[in-house]
Amino acid sequence: MYKELKKFKTNNQFNYTADDSLEEVCNASENGSGVFLVYAVDGEEKELIMVGSTGTIQNDGTLKSKNGGLFDKIVNGHQFAKTGRKYSWPTQMKTEGIERLEVYWYETYNAKNKVIPTYIEGLILQNFLDENAKLPRWNVAF
């Protein structure tokens, strides 16, 4: 786990296979903002393949978030074919031969923590870039 994530106590994780309904297995907060990390799992091998975030901080310090929070961003956020992940992830997993995904999510901006979600996303991506000289394969750009 990335050390930047240890202080966020509102968090959880779930497993997803291409045969699952992402809407049913996703346990992410429906009103929380923060980051999520997606790992491809094949037996004992686990690879970080994507980092995402949701929630924007306004100049007055308030949070602007879309309805549905982290849950909606994970399930319905667009990826690959300009369509929701609930449709694009199973297709991409089959294309790449990914057995299972592990998705970890963290609320970074709430009553206890006031950390900008994209800041944490950027820190994690920077650490990944430093270690691997590239971004996770499902992150197109940052």
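Colleague: Which residues is Thr108 in contact with, leaving aside its neighbours within four places in sequence?
Modeller: There are Phe8, Ser33, Gly34 and Val35, then Asn113, Lys114, Val115, Ile116, Pro117 and Ile120. Contact means heavy atoms within 4.5 Å. Thr108 itself is found in strand β8. Strands are DSSP runs of E of at least two residues, helices are runs of H or I of at least four, and both are numbered from the N terminus. The model is predicted, so local features need pLDDT of at least 70 and side-chain atom pairs 80 or more, while totals for chains, interfaces and linings use all residues. Residues are numbered from 1 along each chain as its sequence is written, and side-chain values use heavy atoms, without hydrogens and water.

Colleague: Why is Thr108 called buried?
Modeller: Its relative accessibility is 0%. Buried means under 20% relative accessible area, exposed means over 50%, and partly exposed is in between (1.4 Å probe, protein chains only). So Thr108 counts as buried.

Colleague: What makes Ser33 buried?
Modeller: Its relative accessibility is 1%, so it counts as buried.

Colleague: Is Ala133 buried or exposed, and how do you know?
Modeller: Exposed: its relative accessibility is 69%, and the cut-off is over 50%. Ala133 is in the segment after α4. It has a positive phi of about 60°, although it is not a glycine.

Colleague: What makes a set of residues the largest nonpolar core, and which members touch the most others?
Modeller: A nonpolar core is a set of buried Ala, Val, Leu, Ile, Met, Phe, Trp, Tyr and Cys residues joined through side-chain atoms within 4.5 Å. The largest one has 22 residues, and Phe14, Phe36, Val38, Ile74, Trp89, Leu101 and Trp138 touch the most other members. Two or more residues each come from β1, β2, β3, α2, α3 and β8. The largest share, four residues, is from α2. A second, separate core has 14 residues, among them Leu5, Tyr39, Val51 and Phe128.

Colleague: What does Trp89 touch, not counting residues up to four places away in sequence?
Modeller: Its contacts include Tyr16, Val38, Met50, Phe80, Leu101 and Trp138.

Colleague: How many aromatic pairs are found, and what makes Tyr16 and Trp89 one of them?
Modeller: A search of the whole structure finds four. Rings of Phe, Tyr and Trp (its six-membered ring) pair if their centres lie within 6.5 Å; planes under 30 degrees apart are stacked, over 60 edge-to-face, the rest tilted. Tyr16 and Trp89 have 6.2 Å centre to centre and 55° between the planes, so they form a tilted pair. Tyr16 is in strand β1 and Trp89 in helix α3, 73 residues apart. Both Tyr16 and Trp89 are buried.

Colleague: Why is the pair of Trp89 and Trp138 called tilted?
Modeller: The centres are 6.0 Å apart and the planes meet at 40°, so the pair is tilted. Trp138 lies in the segment after α4, 49 residues from Trp89. Trp89 and Trp138 are both buried. Tyr16, Phe80, Trp89 and Trp138 form one aromatic cluster.

Colleague: Which residues lie nearest the centre of the largest pocket?
Modeller: Met50, Gln79, Trp138, Asn139 and Val140, out of 13 lining residues. β3 gives the largest share of the lining, three residues. β3 and β6 each supply at least two.

Terms used. On a 1 Å grid over the protein atoms alone, a cavity is a set of points where a 1.4 Å probe fits but cannot get out, and a pocket is an open set with protein on both sides within 12 Å along at least five of seven lines; lining residues have an atom within 4 Å of a point.
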